[in-house]
Amino acid sequence: ETTATTNFIRNIVEEDLKCGKHKTIVTRFPPEPNGYLHIGHAKSICLNFGLARDFGGRCHLRFDDTNPAKEDVEYAEAIKENVRWLGFDWGKHLYYASDYFEQLYQWAEQLIRQGDAYVEDLTADEIRAYRGTLTEPGKESPCRSRTPEENLQLFRRMRAGEFADGAKVLRAKIDMASPNLNLRDPVMYRILHTPHPHAGDKWCIYPMYDFAHGQSDSIEGITHSVCTLEFADHRPLYEWFLERLGIYQPHQYEFARLNLTYTVMSKRKLLQLVQDGDVSGWDDPRMPTLSGLRMRGYTPESIRSFCDQIGVGKSDSWIDMSILEECVRNDLNFRAPRAMAVLRPLKLVIDNYPAAMTEEFEAANHPNDPAMGSRMVPFAKEIYIEQDDFLEEPPKGFFRLAPGREVRLRYAYIVKCESVVKDEAGKIVEVHCSYDPASRGGSAPDGRKIKGTIHWVSALHAVKAEVRLYDRLFTVPNPDKGGQDFKTFINKDSLQVLDTACLEPDLAKAAPGSSYQFERQGYFHVGSLADDGRPVFNRTATLRDSWGA
Ligand code: ATP
Ligand code: MG
Ligand code: MG
């Protein structure tokens, strides 16, 4: 299924350039460095950087770092790495909202002098109680009538560190009866005796997001300030600050955030999964983070194509995880060389094949791309096949191996099952076959039909490796809904480790970051190397959507 690619913000930009409202456009991607980026952020990155790229403008990477309590340099570094990996470049336009702290402070003093801001003594709880509700106007604080001189003095003492955390805040003096709760004298500054990861220990008061964001956009000359829908209610406040300060006013536009099924996408929740050990880290291949998707084997191209496909609209909707998975399949189908790997090995012995003999078969690395070349795959008397490619009592429609039946070994020979060896518990541990020497390459000279073809790996040459199979992290499409804690719905079986997979020998040198299609099994990515240097393969996706209809 393909979604029509509509992007209403692109249309606005196009119009603004055509009518001469702007000569060039400036956008920004403004993450708070309080966690790793997820696939939802990718939508915003592709939108903002994509507009700049397509219309010859520029896109800033700006750290919206106004809350030192939750931010970290590690996160900022990871964000830079993720944006670059996704294929975008901010050039020299890397900014930090915290670099504007002094300017923001001066602007706060200006608003105080204009009578547009006051220092508040009420506690956070009292402020909340005074704010009122959607149906009830708020109540004015006694501090609202302080003179500008008094406010200025108090605000300077706040900056000087004379008050404890939470003792006072600076508020905008707007309208306690506004139908928009965001305009009921919102907090501009809070006291926080915490050093800042970027600004150091210069400050003990910090601006709120709403007092920092618009002004940062203004300083940087942003033309189109694009954010998600939940900020639509903040737009009047965004505009109020810029108007009162008399500075350049960028325009804010809101688009629908990405919601993806079978995962969660708030950094707070993702952090909880990391801290509780539900996943191995921010880059666990089951995480919807860009680092996790990368470890899983997602390519930047597949994520960009996903973002193009889902489009940019104005109403919230849910995108099914299978759409993202289909994007990586489509990309890797072109990109990934083919290989043979047996994930759950069963030994097959060819009784009439000489014990001392080995031979090699040429195998194409890609069925439709000769430029990807070929490799030689060794073959010998003992090979491994997939356990589920043999059934002692095959049901109707099973065309793989069974007693007395013939099957084609991919690239090699036709073999026929003659007998099986079982252990004491009755489990089949070996399948014995005969081979037809005249079927070299896979076809029978007498023209007899062989329906099934299976993959295999020579036992003598096999490289043993660990393969990790991943499933969705949650068992329900929307773990956030339904009033229960999202962790109730964690899928306990989302990781399966197969430590005895047998790979064709060429895969021993597979480098971290490389991807393969294991024939009949799916796409696999070398996320890391084991201690002994052997590759560890993460399954990116199965060949087909196994979740289907
Ligand atoms: P989260 O709520 O997931 O923690 P956030 O919105 O607090 O994310 P920011 O670091 O503030 O995270 O986000 C940076 C930019 O990415 C913002 O402009 C935000 O609107 C955008 N963004 C965040 N989540 C999504 C999403 N799910 N879909 C589209 N854009 C998003
Ligand atoms: Mg945010
Ligand atoms: Mg958030």
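This is a predicted model: local features need pLDDT of at least 70, side-chain atom pairs count only at pLDDT 80 or more; totals for chains, interfaces and linings use all residues.
Q: What makes β25 and β26 a hairpin, and which residue in the turn has a positive phi?
A: The two strands form a hairpin with three residues between them, and Arg520 in the turn has a positive phi of about 70 degrees.

Q: Which residues of β25 point one way and which the other, and are they buried or exposed?
A: Ser515 and Gln517 point one way from β25, whereas Tyr516 and Phe518 point the other way, and all are buried. To be called buried, a residue needs 20 or more other C-beta atoms within 10 Å of its own.

Q: How do you know that β12 pairs with β25, and which residue is the bridge partner of Arg338?
A: β12 and β25 are joined in the parallel sense over two bridges, and the requirement for a pair is at least two, so the pair qualifies. In β25, the partner of Arg338 is Gln517.

Q: Why are β12 and β13 said to stand at the edges of their sheet?
A: The sheet is an open one of seven strands in the order β12-β25-β26-β27-β23-β24-β13, with mixed pairing. β12 (338-339) and β13 (341-342) each have a single partner strand, so one side of each is left without a neighbour in the sheet. For β13, the pairing with β24 (residues 495-503) is antiparallel over two bridges, and Ala341 stands opposite Leu503 in β24. Helix α12 (residues 321-335) packs on this sheet, where it touches β25, β26 and β27, and its direction makes about 125 degrees with that of β27.

Q: What makes β1 and β3 edge strands?
A: In the open sheet of three strands, whose order is β1-β2-β3 with parallel pairing, β1 (26-29) and β3 (94-96) each pair on one side only. The twist of this sheet averages 35 degrees from one strand to the next. Strand β2 (residues 58-63) and β3 pair in the parallel sense over three bridges, and Phe63 stands opposite Tyr96 in β3. Helix α2 packs on the sheet, touching β1 and β2, with its direction at about 155 degrees to that of β1.

Q: Why is Ile310 called buried?
A: Ile310 has 22 other C-beta atoms within 10 Å, and the cut-off for a buried residue is 20 or more, so Ile310 is classed as buried. Ile310 lies in helix α11 (residues 300-310), and its C-alpha atom is separated by 8.8 Å from that of Leu258, 52 residues apart along the chain.

Q: Which residues touch the most other members of the largest nonpolar core?
A: Of the 129 residues in this core, Ala108, Ala341, Val342, Tyr384, Trp456 and Val457 touch the most other members. The largest share of the core, eight residues, comes from α2.

Q: Which element gives the most to the shell around ligand 1?
A: That element is α2, with four residues; α2 (39-54) and β8 (224-228) each supply at least two. Of the 15 residues around ligand 1, Pro31, Gly40, Ser44, Arg257 and Lys267 come nearest, and by class the shell has five nonpolar, five polar and five charged residues.

Conventions
Residues are numbered from 1 along each chain as its sequence is written. Chains are lettered from A and ligands numbered from 1 in the order in which they are written. A residue is near a molecule or strand if its C-beta atom, placed from the backbone, lies within 6 Å of it. Ala, Val, Leu, Ile, Met, Phe, Trp, Tyr, Cys and Pro count as nonpolar, Asp, Glu, Lys and Arg as charged, and the others, Gly among them, as polar. Two residues are in contact if their C-beta atoms, placed from the backbone, lie within 7 Å. Axes are lines fitted to C-alpha atoms, for helices over the stretch in contact, and angles run from 0 to 180 degrees between N-to-C directions. A nonpolar core is a set of buried Ala, Val, Leu, Ile, Met, Phe, Trp, Tyr and Cys residues joined through C-beta atoms within 7 Å. A residue is buried if 20 or more other C-beta atoms lie within 10 Å of its own, exposed if 12 or fewer, and partly exposed in between; C-beta atoms are placed from the backbone.
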